[in-house]
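Student: Could you show me how to read strand pairing and charged contacts in a structure like this one?

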Amino acid sequence: MQTTQPLETISCDLCGSADYHVHLCVQDRIYGLPGEFSLVQCNACGLLYINPRPTRSNMGAFYPDLDYHAFRPSGGLKSRLLAQRRQNDARALLDGLAQGASALEIGCGTGELLVALREAGAQVTGVEPNAAAVKTAVEQHGLTVHTGMLDDVSLSPASFDLILMKYALEHVHSPTDTLRQISTLLKPGGRGVFWIPNAASIEAKLFGKYWRGLDAPRHLFVFTPDTIRRFVEKAGMEVTRIEYSPVPNDWVGSLGFWLAERSIPLARLFSVDNPLALAALLPFSAAAAAFQSAGRMRVTTKRL
């Protein structure tokens, strides 16, 4: 079934070429929203992106408000483990920065990472396009969060020591424009950190169109270490470190999609909410991370 939402055709956001080929035909496997989309690969630079794609004005139709998986609250042991991980991440992200460093998270969701950064001593601000998520961040956590995209808010140049996008850069309509804005907002020598899916990973190659990291059509771009480095350098920054995540979520979800396509009953067991499935596939995801071929990357950059 084709989507009823209007689509736009674009040229490559990295090199400007209009020469591409279809890499995969993809669909929304997480929420089952209608539509088939082409994930194309630029023949000039190798960038992977959805083309044609939803427009800026109708992109919100593909996000199920607070049911979007990035916004769902966790409970029990999982909640405590995630909270501890955010605290560890916050300390690591602020390492080497002055006490009271200014931090901005773009695509901050309901604000949990900003809370951890605030508790670690940072002055925090968020930007989030989902109004329901902003409401939660403001009312439940007392955060300063601007509603909209980065283009929609007014922030002072060279005013942040740290800018974060956690699984958000792949959602924007122009990584080039977003990264250039980030470079402008960072203080000289400031740090940008981006969590992104890795299309060069073993799981992306193994699962193909079933790879959970595609999250079509919300992931408008799917990066590799090479293409993200080129985007960052184009924006006037440099990559200082790339780390690979051992979390098994996408292995579990991808296998679940593959099984479901074949109507295999075991598919329902392969959910990211099933701790047994996560534990079973952790050795695979950990090995992929050790060999720098995991499906999730954390890219640390510095403004020149």
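**Strands and salt bridges**

Tutor: Let us begin with the strands, where S9 (residues 160-166) and S10 (residues 186-197) run parallel and are joined by 6 bridges. Please keep in mind throughout that this is a predicted model.

Student: Which residue in S10 stands opposite Met165?

Tutor: Met165 has Phe194 opposite it in S10.

Student: Which helix belongs with S9 and S10 in a β-α-β unit, and what is the handedness of that unit?

Tutor: The helix is H4 (residues 175-185), and together with S9 and S10 it makes a β-α-β unit that is right-handed.

Student: In which sense do S10 and S13 pair, and over how many bridges?

Tutor: S10 and strand S13 (residues 296-303) pair in the antiparallel sense, over 7 bridges. Within that pairing, Gly192 has Thr301 in S13 as its bridge partner.

Student: Let us turn to the charges; how many salt bridges does a search of the whole structure find?

Tutor: The general idea is that side chains of opposite charge can pair when their charged atoms come close. In this case, a search of the whole structure finds 14 salt bridges.

Student: Which residue forms a salt bridge with Asp89?

Tutor: Asp89 forms a salt bridge with Arg298, and the closest N and O atoms of the two are 3.7 Å apart. Because Asp89 lies in helix H1 (residues 76-94) while Arg298 lies in strand S13, the pair ties together parts that are 209 residues apart in sequence.

Student: Are Asp89 and Arg298 buried or exposed?

Tutor: The cut-off for buried is under 20% relative accessible area, so Asp89 counts as buried at 14% relative accessibility, and Arg298 likewise counts as buried at 17%. Both residues also belong to a network of salt bridges that links Asp89, Lys166, Arg241, Glu243 and Arg298.

Student: Where do Glu139 and Lys135 lie?

Tutor: Both lie in helix H3 (residues 131-141), 4 residues apart, which is about one turn of the helix.

Student: What is the salt-bridge partner of Arg296?

Tutor: Arg296 forms a salt bridge with Asp250, with the closest N and O atoms 2.9 Å apart. Since Arg296 lies in strand S13 and Asp250 in helix H7 (residues 249-261), this pair ties together parts that are 46 residues apart in sequence. Arg296 and Asp250 are both buried.

How values were computed. Residues numbered from 1 in each chain as written. Predicted model: local features only at pLDDT ≥ 70, side-chain atom pairs only at ≥ 80, totals over all residues. Heavy atoms only, no water. Pairing = 2+ DSSP bridges. Helix = DSSP H or I, 4+ residues; strand = E, 2+ residues; numbered from the N terminus. Right-handed = clockwise from strand over helix to strand, strands pointing away. Salt bridge = Lys/Arg side-chain N within 4 Å of Asp/Glu carboxyl O. Buried < 20%, exposed > 50% of the residue type's maximum accessible area, 1.4 Å probe, protein only.
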